[in-house]
Structure formats: structure tokens, C-alpha cells
Amino acid sequence: MILVTGGAGFIGSNFILDWLADSGEPVLNLDKLTYAGNLGSLASLRDDARHVFVQGDIGDAPLVDRLLATHRPRAIVNFAAESHVDRSIHGAGEFIETNIVGTFRLLESARGYVAALPPDEQAAFRFLHVSTDEVYGTLAPAAPAFTEQHGYEPNSPYSASKAASDHLARAWHHTHGLPVLTTNCSNNYGPYHFPEKLIPLMIVNALAGKPLPVYGDGQQVRDWLYVKDHCSAIRRVLGAGQPGQTYNIGGWNEKTNLTIVHTICDLLDELSPRAGGQSYRAQITHVADRPGHDRRYAIDARKIERELGWRPAETFDSGIRKTVAWYLANPDWVRGVQSGAYREWLTLQYGPQ
Ligand code: NAD
Ligand code: TYD
């Protein structure tokens, strides 16, 4: 079996669902269930013995040591993190605790566990650390996309904390010989995405008749990857990646934020038109820019294609259509994550709702 951390979050839950459908190998899912963790995303696995859920913190070393000794996973895939840039601007404490200290503790637990394994299991073990393109900082409009050689220049408290965790993972390989793989991926989108991030927030707000808050001029550029493509890339790296290596993962889909919001509005106009016939674009409002807002991210994903033969399966057009359709078909999931804590966040970030 494998240990997945943060498996109740957006990417982790998609990963577990796809992993079980793909290989059937059992998964131990360790998740703290912060505001971003939602077992509703894994409801289809409720009676599936291949999914074992444990609520807990990656930084709880006695718990993690016990889980490793009991379940003896052949790999750890570390998704657990605080992941929202805007929250990291309001307060970075949890980002330091989980993304840096938590990753350190998890690496230490893995090191102790691997050291005690028989040589063949030691050789086969992998620790895959899931990270982001945001560690590389921001790009000028015509600059080449980030390769794995690009220097680390994180600009937000979130990206700084992820950069620190990447450095720890690297050092635990270099110094301690832990078989670490690191992936740096661009912005994901798709089912089970918590509606505080751009794409699900815009879909959910549009349908609720609320403003669509575009930061600044909306000309910031991100590369977007359909979440299931990220999951297939991680499976590929876990299966065939070289320990000590990092792999950039991206969708070859650079878009401005305004283009993304327009695309969502146009799809909703087609699939769920507003009463009265006006376009959802009428709900777009420009609001104050994010402090320190990175202007552009772009991923050069040629290494993973060349060395591991991975390319995304979805185009942006096919992925965003599936995503909008998923949100229209799953209002219960959306209602389930719109807790009091979610409403408090909207008020803190966007003002009275
Ligand atoms: P998410 O915020 O949706 O989910 C994070 C999960 O981790 C939640 O289920 C949460 O409960 C859990 N968690 C948080 N702290 C924990 C702790 N201390 N111990 C155990 N579990 C804890 O995040 P996501 O978007 O699914 O991202 C997953 C990973 O992928 C993160 O490491 C993130 O940095 C990385 N990443 C995300 C994106 C993206 O676009 N979302 C892109 C590239 C990389
Ligand atoms: P986000 O989904 O938070 O991802 P990240 O900041 O990690 O890239 O934001 C994506 C882009 O959308 C980013 O440039 C900020 C912008 N954005 C808005 O314009 N309005 C919003 O309400 C949000 C949440 C994001």
C-alpha cells in the first residue's frame, strides 16, 4: 500500500480516486481535515476497504511512526499543505507549521522507517513530495517558461513555505539518502476544488448571482492543468522517476485570469443561462490587487515528457468544460463545503457578502 497525506483535499482526493481506479493498490490517507479537507470528496469510497482514512497531522511524529510501522507503505505521497496564497497573506503561521515543520517531521519519520526496512524494500521505497511552480517566482511576459534549473525566487508566504519544504526534501535525499522525488506543478483545476480558488470561486459566485472579483487588471498569467492530468503525472513519477530528481508538470495552457473568467461565464451562459438573458460577464468586478501578486507563471514540462513519456491528456477547452459541468451537477458537494468558516473567509477577503 501507499501512504497519501492530505488526501481529503482537492488534488489528494482526486489522486486517491484515480489511484484506486487505476491500480487498486490500497491507500492509507492521513489528513488533518483543516477547512480545506473534505471527506465528502471521497464519499464514493465509504465502503471500500482499500481506502483507510486516519485524521491526523503530518507533524505528529508518534502518530506517523505508528502508522508507518503498522501499515508498512512502499511509498509516501505528500500532498498535505496549506495551499492558498491569499490566506498566507492574512496569516502565515499555519503555512510555516504544516508546509515547513510538518514536512520536516514527515521526512524524519520516513527516514527512520526506511532505515529499518530490509534492503529490497529500502531500494523500492519512494517519498514523493508534491510542490508548486510558485517556488520559482514570477516571469516577465516574454521570458522562457520555468525549467527544473530555474532558481528559487518565491514571493508569497505560501510559495516561500513550499520552497523551504522542497529544500528540506532535497537535503534529506542528498544527505540522508532518502529516495525523494519532487514535482513542481502549475495551477490545477477540476472536480472537488475548494471554492476559495479562482476557478471554483468564479463558478460558484456566478451561479449565486454574486460579483466575480478579478484582482487588479486581470492580466496575470497562470498555466492551468486539469487535476486528473496532474494525478497521472504523479503516478508516472512515482513509478519511473529517478530519486533525487525534480520534475516540472504543466498543461501548456498559459491564460490570463480575465480570459479564464470570460471562458467560465461563456460556458455558464451556454449550460445554465441567467434568467433575463444577460451574460454572467455582467457580474465581473475588478477589485484591489493581491499584495506582491506574481504576474506570470509558465512551466516547461519537456523533461517529464522526454524522460518519462508523460503529457497532459486534456486541453484547456475540454478540461474547463468538464469542470463547469461537474459544478453544475454537484450542488450538494458545493453546499457541503460552504460552512461558517468558508463564509467568514469570504467576508475577510472580499468584504461583507
Ligand atoms: P488543499 O488545500 O485543497 O488540500 C490540502 C489538504 O491537506 C487538506 O485536505 C488538508 O486538510 C490537509 N492538511 C493540511 N495541513 C495538514 C497537516 N498538517 N497534516 C495533514 N493534513 C493536512 O490543497 P491542494 O490544492 O489539493 O494541494 C495539494 C498539494 O499540491 C499542496 O502541497 C500544494 O502546495 C500542491 N500544489 C497545488 C496546486 C494547485 O493548483 N492546487 C498546484 C501545484 C501544487
Ligand atoms: P488562485 O486560484 O488563488 O491560485 P494562485 O494564486 O496559487 O495562482 O489564483 C489564481 C489567479 O487568480 C491569481 O493570479 C489570483 C487571481 N484571483 C483573482 O483575480 N480573484 C480571486 O478572487 C482569486 C481567488 C484569485
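Q: Which element gives the most to the shell around ligand 1?
A: Strand E5 does, with three residues. Helices (H or I, at least four residues) and strands (E, at least two) are DSSP runs, numbered from the N terminus. Please note that this is a predicted model, in which local features need pLDDT of at least 70 and side-chain atom pairs count only at pLDDT 80 or more, while totals for chains, interfaces and linings use all residues. Residues are numbered from 1 along each chain as its sequence is written, chains are lettered from A and ligands numbered from 1 in the order in which they are written, and side-chain values use heavy atoms, with hydrogens and water left out.

Q: Which elements each supply at least two residues of that shell around ligand 1?
A: They are helix H1 (10-22), strand E5 (126-132), helix H6 (157-174) and strand E7 (187-189).

Q: And which residues come nearest to ligand 1?
A: Of the 28 residues around ligand 1, the nearest are Ile11, Asp31, Ser83, Tyr158 and Lys162. A residue is near a molecule or strand if one of its heavy atoms lies within 4 Å of it.

Q: What lies 2.6 Å from an oxygen atom of ligand 1?
A: That is a polar side-chain atom of Lys162. The pair is a polar contact, meaning N or O atoms within 3.5 Å; within protein, one must be able to donate a hydrogen and the other to accept it, and residues adjacent in sequence count only if both atoms are side-chain atoms. A side-chain N or O atom of Asp57 is 3.0 Å from a nitrogen atom of ligand 1, and a polar backbone atom of Lys32 is 3.1 Å from a nitrogen atom of the ligand. On its own, ligand 1 has 830 Å² of accessible area, and the protein covers 97% of it. Such areas come from the Shrake-Rupley method with a 1.4 Å probe; for residues, only the protein chains shown count as cover.

Q: Now ligand 2, please. Which residues come nearest there?
A: Glu134, Pro213, Arg290, His293 and Tyr350 come nearest, out of 17 residues around ligand 2. Polar side-chain atoms of Glu134 and Arg290 each lie 2.5 Å from an oxygen atom of ligand 2. Tyr215 uses a backbone N or O atom, 2.9 Å from an oxygen atom of ligand 2.

Q: How much of ligand 2 does the protein bury?
A: The protein buries 97% of the 510 Å² that ligand 2 exposes when taken alone. Helix H3 (85-90), helix H7 (198-207) and strand E8 (212-215) give two or more residues to its shell, and E8 gives the most, with three.

Q: Let us turn to the helices. At what angle do the axes of H7 and H9 cross?
A: The axes of H7 and helix H9 (residues 257-271) cross at roughly 40° and come within 10 Å. Axes are lines fitted to C-alpha atoms, for helices over the stretch in contact, and angles run from 0 to 180 degrees between N-to-C directions.

Q: What does that make H7 relative to H9?
A: That makes H7 oblique to H9. Angles under 35 degrees count as roughly parallel, over 145 as roughly antiparallel, 65 to 115 as roughly perpendicular and the rest as oblique.

Q: And how do H4 and H6 cross?
A: The axes of helix H4 (residues 93-115) and H6 cross at roughly 15° and come within 8 Å. H4 is therefore roughly parallel to H6.
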